[in-house]
There are 2 protein chains.
Amino acid sequence: MELKQYLEQTANQVDALIYRYFGSACDDLGRASAHLLLAGGKRLRPALLLLAADAVNRGSSSDVMPAALALELTHSFTLIHDDIMDGDTVRRGVPTVHTRWDEPTAILAGDVLFATAFEFICLADVPDNAKVRATSLLARTCVEICEGQHLDMSFEKRDDVSEGEYFKMVEKKTGALYAAAAGIGSILASGNPSFTEALYHFGQGIGMAFQIQDDLIDLLAPPEVSGKDQGSDIREGKKTLVYLKAREKGLDLAQYRGDISPDQIRGIVAKLEELGVIAEVRQTAEDLVRTGIQRISILPDSEEKDLLVQMGEHFIRRSY
Amino acid sequence: MELKQYLEQTANQVDALIYRYFGSACDDLGRASAHLLLAGGKRLRPALLLLAADAVNRGSSSDVMPAALALELTHSFTLIHDDIMDGDTVRRGVPTVHTRWDEPTAILAGDVLFATAFEFICLADVPDNAKVRATSLLARTCVEICEGQHLDMSFEKRDDVSEGEYFKMVEKKTGALYAAAAGIGSILASGNPSFTEALYHFGQGIGMAFQIQDDLIDLLAPPEVSGKDQGSDIREGKKTLVYLKAREKGLDLAQYRGDISPDQIRGIVAKLEELGVIAEVRQTAEDLVRTGIQRISILPDSEEKDLLVQMGEHFIRRSY
C-alpha cells in the first residue's frame, strides 16, 4: 500500500470515531471540546500508533483504535491550550475555541479532552499491564509537552537561545507526542522492549523533523500552496532553527521583526540560501529522519515497516 | 483513634511525599506546579482514599499512598485552573499561580499536575487491573469536575437556576472528586463491587455536604474564626443553596449584591434564620451525610469504618 492511501484510510477511521463520540454533544462545553476535533486534521499521530502496533505484532486482531484516538485527543487538548497562550484566533480554518467561546470555556474544553484521552487508553482491547504502561507514558509525555511549550514561550523574551535549547524544546513540544504514539502502539501490541524503544526514538526523531519542516514551509512556501502567511515566523521573531543558524552566520533575523512585505521575505530567503542556512536546516531534518529509520531497522520486515519509513520521509518532503 | 489525630497523621504523610516529589523543582514551571501544593491544605481527599482502602481490606500492606497523592494533585490542578477562570488572586494565604506567575504558566502548571496525577495512580503497589479501573474512574471524574465548573460559571448569568441544577453542579464540581477518592481507595484495595459502589456514593454525599457547609461558613462565620470575608457569596451574588431556598421563600438575595457592610450581613443572616432557610440548608447537608453513612453500613465493622463515619459528621460540623 502507498502511504497516502494508508493515511487517508486511517484518517477516515479516526474521523468516524470522532463523529461517533463527539459529533452530537448537546451541551456547550461538549461542543467546545469537540470543535477543533471536528474541524479535521491529518490524524498523523493515530496513524503512527496503528502502524507501530501492526509493525511489532502483525495480524493481531486486538483493537487499539481507542488508544489511537487518545493521541488525537491529547494533540487537540494541547492545541486548545496553546492557542489561548499564544493568542491565536484561527486554527484549521475555524475560530479557535477561546475565540468562538471564551477563555474559561477553552481551558475547560482542553481539560475535558485531556481527561478523555486517558479514558480512551483504558478502552483499548489489550492486557491491563499494557494499558498501565501506556497510561504512564502518555502522562509523562503530557508533562514534557507542557515543558516544551513553556520553553518555547520563554524563548520569545530571550536573544541567547542556543541550538541545544532549541532541540530540547522541539523534542518536548513536538517530538514527545510522536514518540509516545509510536511507543504506545508497540506497548499495546506487546512489542518487545527493544522494539518499543526503537519505535519511541523513531517517533521522536520524525516528530522533531516534522516541526523543523514546518518552519521551512512557513519560510519557503508561497501562500497559495501552504494556505498560510509566508514568513510569519520572521515577522514574529520566532526562535526557529533557521533563526539560530542564520545568527551563527552573522545574519540577525530579529531586525526583520514586524511588518515586512512578501518581496522582502523573498529577499531574505535568497540571502538564507546563499549563506547555506536553508541547506543546513534541511540536512538537520533529514538526519533526524535517517537516524530514526536506522533505529527501526531491527523490526521484522513488513508492509507496516515500509510505511513507517515512508512516513518518516514524507515528514521532510511535504510542502504543506 | 480520633479523626483529628488520623487526619493530622495522614496530612503529614502526604506533605512528606509532596516535599519529596515537588519540593526541589529547579525550573520555573516546576515551581509554579508545586506552588499551591506546598502552601498546605487539609489533604482530606487523600485521607478519604486511604480510609476507604483500609476499610475494605484491613491489614493489607500494599502501598496506595501514590494514588492518595494523585487525588491531591488532581484537586490542586482544578484549583489552579478555577482561580484563572474566577480571577481569584489569593488561595491558602498565598498569591494564586496566575497572579504570582502569569496565565499561560498557570494553565501549564495545572496541566502538569493533571498529567502527574495519572502517573502517580500507576505507581500504586496494586494489581494492574485495579490501576486501569482507577485510571478510568479518575479520568471520568475530571470530566465531571470540568462540567461542574462550567455549570457553576453559567449560573452567574442566570436568575432561574433550579435546586435540581444546583445539586447537579455540586455533585460534579465537589462531590465527584470525593466520590472518586473513596471509590478508588476501594478499587485499589480490591474491595468487592458493592463496597466500591457504597464508598463511591458515601464520598459523593459527604463531598456535596462539604460544599454546602462551606457556603454556610461563608455566611455565618465571623472573619476572625474563618479567616475569610463573611458573606462574600452574597456580595458576589453566588447561586448557593441558601440563595435558592431564600428565593423560594420570597427573599431575593440578588438585591444585596455589591458592597454591603458587615452589619447588613448580620441583618440578612437574622432574616434567613427567621425564614427557616439556614435550618433547611443545614438539614440538606445533614441528610446527605446520613444517607452516605447508611450506604457504607454494609462494610464490615472496623476502626476505619468508624473514622469514615466521623469524617462525614465532621464535614457538616466544622466551622472553618
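Predicted model: local features only at pLDDT ≥ 70, side-chain atom pairs only at ≥ 80, totals over all residues.
The buried residues of helix 13 of chain A are A:Ile265, A:Ile268 and A:Leu272. When the helix is viewed down its axis, these buried residues fall within an arc of 60°, and they therefore line one face of helix 13 of chain A. An α-helix has 3.6 residues a turn, so residues three or four places apart point the same way. On the other side of helix 13 of chain A, the exposed residues are A:Asp263, A:Ala270, A:Glu273 and A:Glu274. The buried residues of this helix are covered by elements of chain A including helix 11 (232-235), helix 12 (241-248) and helix 14 (277-295). Just after helix 13 of chain A, A:Gly276 adopts a positive phi of about 85°.

The contact between the chains was also examined. Chain A and chain B contribute 31 residues and 31 residues, respectively, to this contact. On the side of chain B that touches chain A, at least two residues each are supplied by helix 4 (65-86), helix 6 (103-123) and helix 7 (128-156) of chain B. Helix 7 of chain B gives the most to this side, with 15 residues. By residue class, the side of chain B that touches chain A consists of 17 nonpolar, eight polar and six charged residues.

Note on methods
Residues numbered from 1 in each chain as written. Chains lettered and ligands numbered in written order. Contact = placed C-beta atoms within 7 Å. Helix = DSSP H or I, 4+ residues; strand = E, 2+ residues; numbered from the N terminus. Nonpolar A, V, L, I, M, F, W, Y, C, P; charged D, E, K, R; others polar. Buried ≥ 20, exposed ≤ 12 C-beta atoms within 10 Å, placed from the backbone. Arc of directions from axis to C-beta.
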